[in-house]
Amino acid sequence: MKFKLIFPTLLLFHTVGFNMSNGVNEMETKIDLLLKKMSLQDKIGQMSQRNGADWNYNGVKAGKIGSILNEVDPKKIKKLQKLATEESPHGIPLLIARDVIHGFRTIFPIPLGLAATWNTELIEKGAHISAVEAASIGINWTFGPMMDISRDPRWGRIAESFGEDHYLTSQMAVAMIKGFQSDDLTKPDAIAACAKHFVGYGAGEGGRDYNTAYIPEQLLREVYLKPFRAGVEVGVETFMAGFHDVNGIPSSANTYYLREILRDEWAWNGLIVSDYNAINEMIVHGYCVDGKDAAQKALIAGIDMEMASGDYENYLEDLVETRELDINLINEAVRNILRLKFKLGLFENPIVNADQFPKMVNEDYLKMAKQTAIQSVVMLKNEKNTLPLSKNIKNIAVIGPLADDPFEQLGTWTFDKNIEDTQTPMDALNEVYGNDLNIHYSKGLATSRSTDDTYFKEAIQAAEKSEVVLFFAGEEAIITGEAHSRANINLPGAQEELIERLSETGKPIVLIVMAGRPLTMGNILDKIDAILYSFHPGTMGGPAIVDLLFGNESPSGKLPVTFPKVVGQIPMYYNNKNTGRPPNKDNFVHIDDIPVRAWQTSLGNETHYIDAGYKPQFPFGFGLSYTKFSYSNLTLSDSVIRMGEDITISAVIKNTGHAEAVEVVQLYTRDLVASITPPVKELKRFKRIQLKPGESKTVQFTLNTGDLAFYNQEMELVTEPGTFHIWIAPDSDNGLQGKFEVKK
Ligand code: GLC
């Protein structure tokens, strides 16, 4: 069908003329000139992203496809780009996309583990390595970082998140975006990053994936939007909407979020892609009557490119022809898509030369992956100095389904791994200590979900021959990640039973957990002498864990998420509101201590569970090391500051133990009184410091009154005068407390 020019040529002249007269950058002019030449069908073609190559060559050649996802055969990618640039109507190159979430071929710890490093420099370096490996085969767009705040460990995708805190998440997301996009997007090893899933995907009811979220505006702005805003400020090139509906509106049609906040308020002009089939799923949501309705609502809301489903391809032309959609919405979407292709330099260099790139999984990359894995491990317990293991130890029992599993230790979202690259704990133990140590190995259970106790006897025998038991427990990768939420987050299968049986041998037990979420370990905690929580540590998880076990490295990880005692406590997070009846250890009466027929009264009762109390198992920010750190000399530059002024807070941190180690020093604040009930604590800064035994360092943080701002009832970002508490702390539950006043 010949496309009738709805708008007078004047508009086109105006558009081009405006750019020409204004000298607006050359790229916009190129986009205008290209748009002018494109038919409506050509434009709609750019707005479609298709999955894989095999059945899309003709579509690419016809200019009906703007992007391909999930194709990783370099030859096919090269063929696709040649078709697009040499044979399609306007020679527009393709965006080649892939979920490079925590590594491409070299796999780093899952993002929840990356967050546990609290080391932004390291995260940026790892993301750059991932970008280099992905770019070397022709990928130029990753669907990461995921920056959804998650306060619910039942949610499978908490594995892919940076945890519960918006400040830590923002810092981690910015680091990853910088690592992916480099300082110049035209560099061959730079790939476009993607802020996802906009917004509030982690707030789904009950931690059930894809589920409904209700987020009031103040909470949206105070918590969920902040990492995405940080992504915009650092220059993230793309956004992805989510599957879920927020306050009754599916993310793919949320004009308020996508246009009013992201494009207008934040003045961001990047590319917005839907999630996989999510536009069409608005029919299932009961929000759209059919694909045509879905296409119309998604484009009006601001989705530039449709992933996988074909509603844009099938209905946009008709919607424009019947004047149900303004052609300018299409022009704007295509402009955003073309802009990214120009920014990536794809018109000049659509095809990569793999020879330009370093070998994948090279020694440097493995070293970085190991260093990251080491720093991602959180030591949660270490009774009787069970760890580090003595170098003179002769017999150790290595037991558990994750002690030697090169696949499972990589975790979720690792499509492009080679499991042969993985070094498991057993690999590392054999390699480093094989000659000196008698390693008595028994898997104990075939998988993390196995309930078959056939190998229990073998495992117990291994323990009986040993001085210490290393039990590698946790979750297989597939019971974490997308679509894999769990209602019970204990160790799955018969792992608890096996631990129980092993504890009867009387041998000290070191639990090393590989998991995609916080697990509730209350049933076995008292049977364990030490715990290293390694999340899913990636390719070099084995050597990293073994270095930590034997004290070649000291654990330095800190929890990016609260660990509840029992699943019934969820949601439980550190920056909660105080309520009018905050819990108090002096008034708490456990269910077992309530007298029979006690007099019913609500006085003195506070917010808690009578059977699970009000404390988590392990608090946000918590993590032990092989030394002790003392905090002293808390000093504030002022006790009163005026609006707009800075305040400096410092403390002396001393290594009072016998091992060199890293401490992540955290700064928290609390606004005591505000026009919106304030959280009891908020992380504002953190800093990693390395201290030798006996060494002290003064750690100093500076805050401006602007850092104390919150969204008031009118949704204005304001700092109100009043009293603030601050803590310089090792975690969210402890620390040196001070206070200061803010005056007008
Ligand atoms: C998935 C995920 C999204 C991912 C996309 C492409 O379903 O929700 O995060 O980037 O589809 O794989």
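Ala 651 lies in strand S19. The model is predicted. Ala 651 is buried, and its relative accessible area is 0%. Leaving aside neighbours within four places in sequence, its contacts include Ser 632, Asn 633 and Leu 634. Lys 697, Thr 698 and Val 699 are also among them, as are Ile 728 and Leu 736. Ile 728 is 77 residues from Ala 651 in sequence. In space, the C-alpha atoms of Ala 651 and Ile 728 are 7.0 Å apart.

Strand S19 spans residues 646–655. Seven of its ten residues are buried, so the strand is largely enclosed by the rest of the structure. S19 pairs with S17 through six bridges, and the two run antiparallel. Here Tyr 631 has Ile 653 of S19 as its bridge partner. S19 also pairs with strand S22, residues 696–704. That pairing is antiparallel and covers nine bridges. Ile 649 stands opposite Phe 701 of S22.

The loop between helix H20 (541–549) and strand S17 (629–636) holds Ile 610. Ile 610 counts as partly exposed, at 36% relative accessibility. Together with Val 589, Ile 591 and Ile 594, Ile 610 makes a nonpolar surface patch of about 280 Å².

Charged pairs were examined next. Side chains of opposite charge can pair when their charged atoms come close. The whole structure contains 40 salt bridges. One of them joins the side chains of Glu 26 and Lys 30, at 3.4 Å from N to O. Glu 26 and Lys 30 are separated by about one helical turn, because they are four residues apart in helix H2 (residues 26–37). Glu 26 is exposed, with a relative accessible area of 56%. Lys 30 is partly exposed, at 34% relative accessibility.

A salt bridge also forms between Lys 196 and Asp 99, with 3.2 Å between the closest N and O atoms. Lys 196 lies in strand S5 (residues 194–198), and Asp 99 lies in the loop between strand S3 (95–98) and helix H6 (111–117), so the pair ties together parts 97 residues apart in sequence. Both Lys 196 and Asp 99 are buried.

The side chains of Glu 660 and Lys 692 meet in a salt bridge of 3.8 Å, N to O. This pair links distant parts of the chain, 32 residues apart. Glu 660 sits in the loop between S19 and strand S20 (661–671). Lys 692 sits in the loop between strand S21 (682–691) and S22. Glu 660 is partly exposed, with a relative accessible area of 37%. Lys 692 is partly exposed as well, at 48% relative accessibility. Elsewhere, salt bridges that share partners join Asp 99, Arg 157, Glu 160, Lys 196 and Glu 482 into one network.

Definitions and conventions: Residues are numbered from 1 along each chain as its sequence is written. This is a predicted model: local features need pLDDT of at least 70, side-chain atom pairs count only at pLDDT 80 or more; totals for chains, interfaces and linings use all residues. Side-chain values use heavy atoms; hydrogens and water are left out. Patches are made of residues with over 30% relative accessible area and no salt bridge: like charges are joined within 9 Å, nonpolar side chains (Val, Leu, Ile, Met, Phe, Trp, Tyr) within 5 Å. Accessible areas come from the Shrake-Rupley method with a 1.4 Å probe; for residues, only the protein chains shown count as cover. A salt bridge is a side-chain nitrogen of Lys or Arg within 4 Å of a carboxyl oxygen of Asp or Glu. Buried means under 20% relative accessible area, exposed over 50%, partly exposed in between (1.4 Å probe, protein chains only). Two strands pair if DSSP finds at least two bridges between them. Contact means heavy atoms within 4.5 Å.
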